[in-house]
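The following note was prepared for a colleague who has asked for a reading of the structure shown below. Its points are numbered so that each may be taken up separately.

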Amino acid sequence: MQFADRLQNVETSAIRELFKLLGKPGIISFAGGFPDPSLFDVEGIREATAAVLRDTPGPVLQYGATEGYGPAREQLARFMAGKGVQVAPEGLIVTTGSQQALDLIGKTMISPGDKVIVEAPTFLATIQCFRLYGAHVIGAPIDADGVLVEPLERLIAEHRPKLVYLIPNFGNPHGAMLSLERRRRILEIAARTGTLVVEDDPYGELYFDQPAPPSLLALSAQVPGSREWLAHCGSMSKILSPGLRVGWLIAQPALLANATMCKQFSDAHTSNLTQATAAHYLTLNRLEGALDQVRKVYAERARVMAARLRAELGDAITFDAPKGGMFFWARLTGGRDASAFAQRAIEKLVAFVPGAPFFAHDPDLSTLRLSFATADVAKIEEGIARLGQAL
Ligand code: PMP
């Protein structure tokens, strides 16, 4: 069968191949990117689902508007207001996870051969999604404070990219938090050069000790001319439940209109039932309590993981402990290859993801990603001890 040419731009992710090995009995996995299901606020979601089915069965079970279910757009606009973003309900569209928002941005903005800049490393699905639309994806270097501004500015000047994609808060896989000063400078560059910056923020609420700085979108109010160059992707996945598939996109009206048109041909609209459930949930005043619990649990797991990595792997590994999110991004020293290490780790019944696939090009083969979200403290201790043995 002759498939579309665009499929030649992508391959199945190396990570999926690795996941096939995770079924081994007794394996401790730091490989996944899932939140811990035991932290889902099942009771709250049950209450919200029951309420919307009781009070508004017709609309929530019916076809709906592509832009999103009215009460969901209202509640999400309020949620963003709580994070310092002034947006009208009509200023956002609800998407089927933020993954769909990224796809809609790709569909709306990228023509074959266009250049886009991403962090090196970045979210693998974004690289793949943008490549499917024919993008030439260019990586910009990062450190623990996020993307480095001067190299980014040089890459923008050199390549005139269609867009720059950033995960400013505790990104997947890098765990870095973009500093406030860098956020401001990036907004100035976006406004000055007329470059679309896509801010993907599924992890911002998962901070440990103190909240992340305001989002690029929130800060854009202070940088004249920057807001029209921002697209912001939000998600309920890491703060409420990924199975609901509720995300959102905030962007300037023309981009939003085109994204809505593309969505119409894709899934018509996001499930009204899950949108309504998420919206009702937000009125229950449970989210902060639930999030506090998630933050506490993840912070403890991250603390234990950092301590055990230092104790068990010592000089063989370097990392900056994350200030939030779900991931450690680490580097093996002494020229060690993370893929070979991953194979040996699997033999010792512990799994993680080698970092190479997260680079658009020139992968750093010594890097790896460890998730601390789903393993409890005892498993983290045992798993990192096994990593020590594998080394
Ligand atoms: N962006 C990033 C950085 C992610 O890590 C993920 C999911 N792991 C997504 C977007 C997509 O999330 P969702 O579609 O569930 O909102």
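Predicted model: local features only at pLDDT ≥ 70, side-chain atom pairs only at ≥ 80, totals over all residues.

The points below take up the domains, the ligand shell, the helix packing and the backbone in turn.

1. Domain division. The protein chain is split into two parts: domain 1 covers 5-41 + 288-390, and domain 2 covers 63-280. Taken over C-alpha atoms, the centres of domain 1 and domain 2 are separated by 24 Å. The contact between them draws on 30 residues from domain 1 and 32 residues from domain 2.

2. The domain 1 side of that contact. Both α12 (287-313) and β11 (327-332) supply at least two residues each to the side of domain 1 that touches domain 2. The largest share of this side, six residues, is provided by α12. By class, the side of domain 1 that touches domain 2 consists of 18 nonpolar, seven polar and five charged residues.

3. The ligand shell. The ligand is surrounded by 14 residues, of which Gly97, Gln99, Asn172, Ser235 and Ser237 are the closest. Helix α5 (residues 97-109) gives the largest share of the shell, namely three residues. In terms of class, the shell holds nine polar, four nonpolar and one charged residues.

4. Packing of α5 with α6. Beyond its share of the ligand shell, α5 also packs with helix α6 (residues 124-132), at an angle of about 30° and with the axes 9 Å apart. Angles under 35 degrees count as roughly parallel, and α5 and α6 are therefore roughly parallel to each other. Their crossing is right-handed. On the α5 side the contact is made by Gln99, Leu102, Asp103 and Gly106; on the α6 side it is made by Ala125, Thr126, Cys129, Phe130 and Leu132. The residues of this contact comprise five nonpolar, three polar and one charged. Gln99 thus deserves attention on two counts, because it is among the closest residues to the ligand and is also part of the contact of α5 with α6.

5. Packing of α12 with α14. The axes of α12 and helix α14 (residues 377-390) cross at roughly 25° and come within 9 Å. That angle makes α12 roughly parallel to α14. The crossing of α12 and α14 is right-handed. From α12, the residues Glu300, Arg301, Val304, Met305, Arg308, Leu309, Glu312 and Leu313 take part; they meet Val377, Ile380, Glu381, Ile384, Ala385, Leu387 and Gly388 in α14. By class, this contact has nine nonpolar, one polar and five charged residues.

6. Packing of α7 with α8. Helix α7 (residues 149-159) and helix α8 (residues 180-193) pack at an angle of about 15°, and their axes are 11 Å apart. The two helices are therefore roughly parallel to each other, and α7 passes α8 in a right-handed crossing. Val149, Glu153 and Ile156 of α7 make the contact with Arg182, Arg185, Ile186, Ile189 and Thr193 of α8. These residues divide into four nonpolar, one polar and three charged.

7. Cis peptide bonds. The bond from Ala120 to Pro121 is cis, with omega near 10°. Pro121 is placed in the loop between β3 (115-120) and α6. A cis peptide bond is also found from Asn172 to Pro173, where omega is near 15°. Pro173 lies in the loop between β6 (163-166) and α8.

8. A positive phi value. Which residue other than glycine has a phi near 60°? The residue is Asn285, whose phi is positive. Asn285 is found in the loop between α11 (272-283) and α12.

Methods: Residues numbered from 1 in each chain as written. Near = placed C-beta within 6 Å. Helix = DSSP H or I, 4+ residues; strand = E, 2+ residues; numbered from the N terminus. Nonpolar A, V, L, I, M, F, W, Y, C, P; charged D, E, K, R; others polar. Domains from an automatic or database assignment. Contact = placed C-beta atoms within 7 Å. Axes fitted to C-alpha atoms, helices over the stretch in contact; angles between N-to-C directions. Parallel < 35°, antiparallel > 145°, perpendicular 65-115°, else oblique. Left-handed = near helix turned anticlockwise from the far one by under 90°.
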